[in-house]
Amino acid sequence: MMAADKLARTMTTPEGLALPIRIGARGSRAGALMLDVIIILGSILAFNYALYWIAGGLLEGTALDPGAASRGAQEFLTILVVMADFVVWYGYFLVQELGPRGATLGKRILGLRIAARSGGRLAPEAVIARNLIRDIELFYPLIFVLVVLVQSIEGEGDPLLGWIAAGWFALFLLLPFFNRDALRAGDIVAGTWVVEAPRTRLADTLSTQGAAASRGASAVTGARYEFGEAELSVYGEKELQTLEKMLRDARPEALEAVHATICRKIGWNPGAGDERAFLEAFYAQLRAKLEGDMRFGKRKADKFS
Amino acid sequence: MKAPVLSSWFGRGEIAAPPDIASATLRSDRFRLEREGEWRRLEGIVAAMERGGLRRIADEDILALPALYRTAASSLAVARETSLDAATLAYLEALVQRAWFQVYGPRRGFGGWLREFLLGGWSRAVREIWLDICIALFVMVAGALVGWLLVAQDEAWYYRLVPGGLADTRVPGASRQELARSLATEESAVGLSTFAAQLFSNNSAVCILAFALGFAFGIPSLMLMVHNMAVLGAMLWLFDGQGLLVELAAWLSVHGTTEIFGILLSGAAGLHIGRSMAFPGSRTVMEAASQAGQRGAVVMVGVVIMMVIAAFLEAFPRQLVDGTGNRFLIGGTMLAFWLAYFFLYRTAPTREGGEA
């Protein structure tokens, strides 16, 4: 729960409504980037392979000697490959993040999107800025560190200078770990951040089904569950919402345990076989009471308050 | 009981009819059931917008979007004060957030942005960083001078400054013929287009590096520029020694006026970020960085376009067009074009639209 709270932020809409949002975790961001890089590299490879497959005929009749093939055609293909690589590399991020979802395929899979840190409109310039910086803070450092490693193994170059430069680059690479909002250099320069994009479906209303709808009457036994003031003032909002979650998701065995706990707490003798109806009735009546109090400005956060 | 999870993957669109409002025993659930239809309509519109099919959405839906968004926002505000239904609250929070991203999302896609960029946005951004362009220009001229003076003092500096692969026959002590030959045209255009594509890829990467390094208070950008221009200064010294300075300048000017201008702009854009972070004025450092970064990004997209043009100029006209006069003519025309485009072509900024 502590880790979850660290990612929670509040964004104020122009209507003055405070919306809770969650910063994308560093792990899922790294995962999204890996997915994106895999997709980019995969599509570049596929493109090259397709080109090779299509243009393989160039080498026919030349005894497989590339030098003998038509120079013009070869040149054309080389240009095509160089330009395609460039366009795919930068276009992939730009076009997708400028789109209405504000996320690349990798980010979408991991439920992330980018947003303006100010809470305002996400400007195209910001998207471009954050993507241009990605090269310097991520790919150059990785390549550089690899080169330094290889050089130090082979005893070439100036090791000290190499390590100083590698440390300098590592500073950029590790920047997301040094600030609260997990901003990378590109996010700082562009004024953006990466947030979770929730997709929640509207759940059913609980008060229109089962015992909650029929004023506490159980469909199984026909018994009517009525709780008094004293029994309902045992619990607060936190317990109510935990119970709601149980009613929506939990398995019957779990409900039995909850049923037993509540009965013990309010001093009833737990029966068996009709736990769901009991809990639905208890939920509806507890919620009616707490919401009634809420309208008079009285709130009870949990059972201890 | 809970429906299986799989249904949420495939069950797009099929929504069970909401229960009768009167059957709800809780006042907060009646509140929800009364408004649920509007929320679902908003969710449908937002989902369609996210899929990118703005044209496939009915006009009345588009018109209703701001009103529906505000209804949902006010429903959320009311629900927070009156309802303890955690699932509904979570749904509303997510819905308002999604709708917020669409209502206040980017107004235009990539195409629309590119149009505005070419028709004034680019030159405006360049004019806005004029001070940094002046500083970068000064640094570049100083870098070239330093390169020249260093090599003039001690020839050993030449080998340090100019990487071996690029220099080939162009080394101190080379004869006039050898140097003149390196400025001559190619026999034919064969191989030049590949050369152009690689030049473009390489030069754009250098420019993006110069821009991105500006993040560290602009100092690495300046160092990169000094180093690049020192190489140029060393070359100038070498050709001057054999009386070929004018010829070299003509040879360079064909693409150099575009390419060096592009490097100048990218260095200036990087410097702009660094300068804004070092001296943010009354803004916070983060605000200053993001404002400067966005302005710099616009300049950088332009620099990439300039690099495309420079690469073609470098590969074809420079290698095929002979004669000092002709070469100066091409280079001078390009320079005049860029200066006119950046500093004379002024269009009124199109308003990005106020609030939706």
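A: Before anything else, pLDDT is the predictor's confidence in each residue, from 0 to 100, and contact means heavy atoms within 4.5 Å. This is a predicted model, in which local features need pLDDT of at least 70 and side-chain atom pairs count only at pLDDT 80 or more, while totals for chains, interfaces and linings use all residues. Residues are numbered from 1 along each chain as its sequence is written, chains are lettered from A and ligands numbered from 1 in the order in which they are written, and side-chain values use heavy atoms, with hydrogens and water left out.

Q: Over which residues of chain B does pLDDT stay under 50?

A: Where pLDDT is low, the predicted coordinates should not be read in detail. In chain B the value stays under 50 over residues 1-13, for which the model has 7 contacts beyond four places in sequence. It is also below 50 over residues 352-356 of chain B, a stretch with 13 contacts in the model beyond near neighbours in sequence.

Q: How many residues of chain B are in contact with chain A?

A: There are 86 residues of chain B in contact with 82 residues of chain A. Buried area is the accessible area (1.4 Å probe) that two parts lose on being put together, summed over both, and between these chains the value is about 7300 Å², of which carbon and sulfur atoms give 65%. On the side of chain B, L84(B), W100(B) and F215(B) lose the most area to chain A, together 11% of what that side buries.

Q: At what angle do the axes of α6(B) and α12(B) cross?

A: Two packed helices are described by the angle between their axes and the distance between the axes. Axes are lines fitted to C-alpha atoms, for helices over the stretch in contact, and angles run from 0 to 180 degrees between N-to-C directions. The axes of α6(B), residues 130-153, and α12(B), residues 245-278, come within 8 Å and cross at roughly 130 degrees. Angles under 35 degrees count as roughly parallel, over 145 as roughly antiparallel, 65 to 115 as roughly perpendicular and the rest as oblique, and α6(B) and α12(B) are therefore oblique to each other. The residues that meet include L131(B) and W148(B) in α6(B), and L245(B) and R275(B) in α12(B).

Q: How are α12(B) and α15(B) placed, roughly parallel or oblique?

A: The axes of α12(B) and α15(B), residues 324-344, come within 7 Å and cross at roughly 20 degrees, and these helices are therefore roughly parallel to each other. Among the residues that meet are W251(B) and F261(B) in α12(B), and W338(B) and F342(B) in α15(B).

Key: Helices (H or I, at least four residues) and strands (E, at least two) are DSSP runs, numbered from the N terminus.
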